[in-house]
Amino acid sequence: MNLRKLKLFFRFHWIAVLIVIFASIAMISLFVFLRNAILAWGDSEYYAQRAILAQYSFLFYVFFMVNLISLPLTGALWIWIMKGGHQRIAGLHKPTIKGGEIKINWSDVIGMEEVKIETKEIVNLIRDRSAVHRVGGKIIRGLLMLGPPGCGKTYLAKAIATECDLPFISASGSEFVEMFVGVGASRIRKLFKQARNAAYAEGGCIVFIDEIDALARQRSGDKGFGGQSEYNQTINQLLVELDGLKESEQNIVVVGATNVKEDELDQAILRPGRFDRKIYVSLPSLEERKQIFAYYLKRIEYDRSQVEPLRLARLTAGRSPADIANIIREAALIAARKKKERTQLDDLTEAMERIELGLRHPAKYSKKEKEWVAYHEAGHALALYLCAPHREVSKISIIRRKSTGGVVWGSQIGEVMPKKEELLGNIKVSLGAYAAEKIKFGYTSSGVSGDFDKALKTAYLMVWCWGLGKSGYLGNFDQLMMAERHISEETKKNLDSDMQDILHTCLQEVEEVLLKEREILDYLSAQLIEKEELNYDQIEEVFKKFNKSRPGK
Ligand code: ZN
């Protein structure tokens, strides 16, 4: 292995080696000349000394100058090489990191147990290639990780490199997308050349290409300006390199990651021998989010009496591990800014709001506006508490933020496919604000548009896709529409009327509930106007005051 590294070193740095040899010869010659001159000097008469001086001084001068120039030049060249300058000239910005230096172990990969098992298996295959050969198995060349952003695909790839103890080269698909024909392809070539060199020296290499969809989306017709042919050349080069790996004995594994769906990728890259191993990384489940929170909370000082990973996990349905890490970081900063010793639940929810909804708006509400927002949010909260038992009201806020007036945080308690009742409950929660505005003020504001959006979307899916409409239509009509297949006008009309039926029934029901509980609505709104924010315990207190408990509890 050492001999290989040495060879590789000479292959890269032969110019530097030559210069060093040249400088060394120059140095040695200088000393020899000096020595000879001094020896001759001591033995000679005066006239002879003058002759020696004349003889040697010119040569001395030349060699002195050569040394003066070549030594600093050699030094500078070495520093440049050490800093990787020669790689920049070659058009490669990629540092090769050794597997052992990444230090991301399995224990750091949290909240993705199933994926971990799959990945471990792959690591074993990469590590023990001879065993694979023995059993006649297929060696892994390409591995594709699919899943939403922030779910730890890069992390997994790094863990693979650490566990296999192989060098890791990371690149992003977008780096290979260029205007000029051939540039992307040449970058791919360079990337793989670097990987081959690393594999030659270290016994293997992991190449990670993030956002691989940027260079491997389905090919379509020419869009003009030669963009398409440049694109084709790049992807063709990638395919050539992947196929080249199959034949070579070097242990190079290419890990691609993408956020897009599998069928949006160029099918050529998914063929056997290319990216034929797939790992699906999904958003973490409730239990996984709990683990992730527990992991990141270990890194900060927090108030153990009120901050529980499970509660936080319930508040963050649909968030990725990266989001969770971000929330904890932000919360710790907020706590530090408030000069608290420990991060508290308020800081965490404030962090979530800040990340999701933006910073607090500097302008305050007028009295009228504030009342309006308070009733709007109280309507949501009341509907959530009384009509959607599958969710929990964690926080209500009417603090103005960049993107919204107020917010009710309703966390998911269970985590299964929603039942029809729960879907209807969600629609009622969305329409609760509209109902509250109507009850209190007699007319409604434009603030309900976002809520209508949500309600309409749910009703649409129920009727058009999931067969939950009143008329009993079965089938995924949305898919039919997308495929431009024929749907009769009558069917469309009935589906739309089913949708409106769901919305109207829900609105009627939530209106009835709010009218019946008008007292709580008024009290909750008054509390909001006074305090601007109500947390979980404060909300529970309000309902306790009116002897209300959540249905089903
Ligand atoms: Zn609303």
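Let me begin with L382, which, leaving aside its neighbours within four places in sequence, is in contact with C387, L514, E517, I520, L521, L524 and F543, where contact means heavy atoms within 4.5 Å. Please keep in mind that this is a predicted model, in which local features need pLDDT of at least 70 and side-chain atom pairs count only at pLDDT 80 or more, while totals for chains, interfaces and linings use all residues. Residues are numbered from 1 along each chain as its sequence is written, and side-chain values use heavy atoms, with hydrogens and water left out.

L382 also belongs to the largest nonpolar core, of 53 residues, where it is among those that touch the most other members, along with V393, I396, I427, W464, I502 and L524. By such a core I mean a set of buried Ala, Val, Leu, Ile, Met, Phe, Trp, Tyr and Cys residues joined through side-chain atoms within 4.5 Å, and buried means under 20% relative accessible area with a 1.4 Å probe, protein chains only. Helix α15 (367-387) is one of the elements that each supply at least two residues of this core, and α15 gives the most, with 12 residues. A second, separate core has 30 residues, including F192, V207, A216 and L265.

Now to the sheet, which is open and has five strands in the order β2-β3-β4-β1-β5, with parallel pairing; two strands pair if DSSP finds at least two bridges between them. Helices (H or I, at least four residues) and strands (E, at least two) are DSSP runs, numbered from the N terminus. The edge strands, each pairing on one side only, are β2 (168-172) and β5 (277-280).

Terms used:
Buried < 20%, exposed > 50% of the residue type's maximum accessible area, 1.4 Å probe, protein only.
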